[in-house]
Amino acid sequence: GRAARQATSQATSHMLSLCDLDDELLCCAFRSLSAHEMARVACARAGWGTLVTRVAEEQLRLRRKLPTGQGAWPCWLRSLAALQLLECLVGPMPTRTWRDEFPALRAEESRRRAQLNADDASQYFTDESDYMPGGVFALDSFLQEDYAKDAVQAKVAAGWAAADAVAFEATNESDLAFAPSLRERQDRFAATLHTRCGIASRLAGYAA
């Protein structure tokens, strides 16, 4: 009866909500959320946006191994969301590197370009061996081309890390190869896609 209702009311009044937690406990709770869930939480209460940004930065620094002082572009939460989406599509960063995927990537891109340009298909080199070490279009040979050297040097001069500049130029213009991998959720070019995603998240530290 009345006593039971009073007891229930008193118990309810002593229940804790998220609003009662201190910042450290809130951050612990937010770490279990996805980036998209954190984006909604950030709008729920004044001050939570700052905590969400703190958690997103912490997680992205840990997973992308960003150096101290390095920011994220366009912001921590959106960069973390991009990483989580990529992991849903192609899985986590594999143990191989983008260099290991380079021959297959370039050959696949050439094959798809040849299909789109049937009249000029003979100008595309679709044999993976052509892009392997010692091949006509091996990575080392590509990086010795004047246009590639100029592009890398320009990025380094603008503040890019040399490794990022090389990786970006060597894997650029590969959209036709990337598209089916993403669409079909294959991990064939996962290392390359993760590398490029990582470069994008570090753009805040590079000059325009």
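1. How many helices and how many strands does the chain have? Eleven helices and zero strands is the count, so a walk from the N terminus reads α-α-α-α-α-α-α-α-α-α-α. Here helices (H or I, at least four residues) and strands (E, at least two) are DSSP runs, numbered from the N terminus.

2. A word on the ground rules. This is a predicted model, in which local features need pLDDT of at least 70 and side-chain atom pairs count only at pLDDT 80 or more, while totals for chains, interfaces and linings use all residues. Residues are numbered from 1 along each chain as its sequence is written, and side-chain values use heavy atoms, with hydrogens and water left out.

3. Now the chain as a whole. Of its 208 residues, 37% count as buried (buried is under 20% relative accessible area, exposed is over 50%, and partly exposed is in between, with a 1.4 Å probe and protein chains only). The accessible surface comes to about 12,400 Å², and carbon and sulfur atoms hold 54% of that; the areas come from the Shrake-Rupley method with a 1.4 Å probe, and for residues only the protein chains shown count as cover.

4. Contacts (heavy atoms within 4.5 Å) tell you about the fold too. Take those between residues at least 6 apart in sequence: 63% of them join residues at least 24 apart.

5. Next, look inside. A nonpolar core is a set of buried Ala, Val, Leu, Ile, Met, Phe, Trp, Tyr and Cys residues joined through side-chain atoms within 4.5 Å. The largest one has 19 residues, and Phe30, Met38 and Leu60 have the most contacts inside it. Helix 2 (23–30), helix 3 (35–42), helix 4 (48–64) and helix 5 (76–90) each supply at least two residues of this core, with helix 4 giving the largest share, six residues.

6. Leaving aside residues up to four places away in sequence, Phe30 touches Met38, Val41, Trp48, Leu51, Val52 and Val55.

7. On to the pockets. On a 1 Å grid over the protein atoms alone, a pocket is an open set of points where a 1.4 Å probe fits, with protein on both sides within 12 Å along at least five of seven lines; lining residues have an atom within 4 Å of a point. The largest pocket has a volume of about 570 Å³, and of its 19 lining residues the closest to the centre are Arg106, Tyr131, Phe142, Tyr147 and Glu173. Helix 6 (98–116) gives the largest share of this lining, five residues.

8. The second largest pocket has a volume of about 340 Å³. Of the 20 residues that line it, Ala82, Leu193, Arg196, Cys197 and Ala200 are the closest to its centre. Helix 4, helix 5 and helix 11 (190–201) are the elements that give two or more residues to this lining.

9. Finally, two residues to check by eye. Glu173 lies in the loop between helix 9 and helix 10 (175–183), and its phi is near 55 degrees, a positive value in a residue other than glycine. Glu173 counts as exposed, at 56% relative accessibility. Arg185, in the loop between helix 10 and helix 11, also is not a glycine and has a positive phi of about 55 degrees. Arg185 is exposed, with a relative accessible area of 56%.

How values were computed. Points joined across faces, edges and corners; volume = space filled by probe spheres on them.
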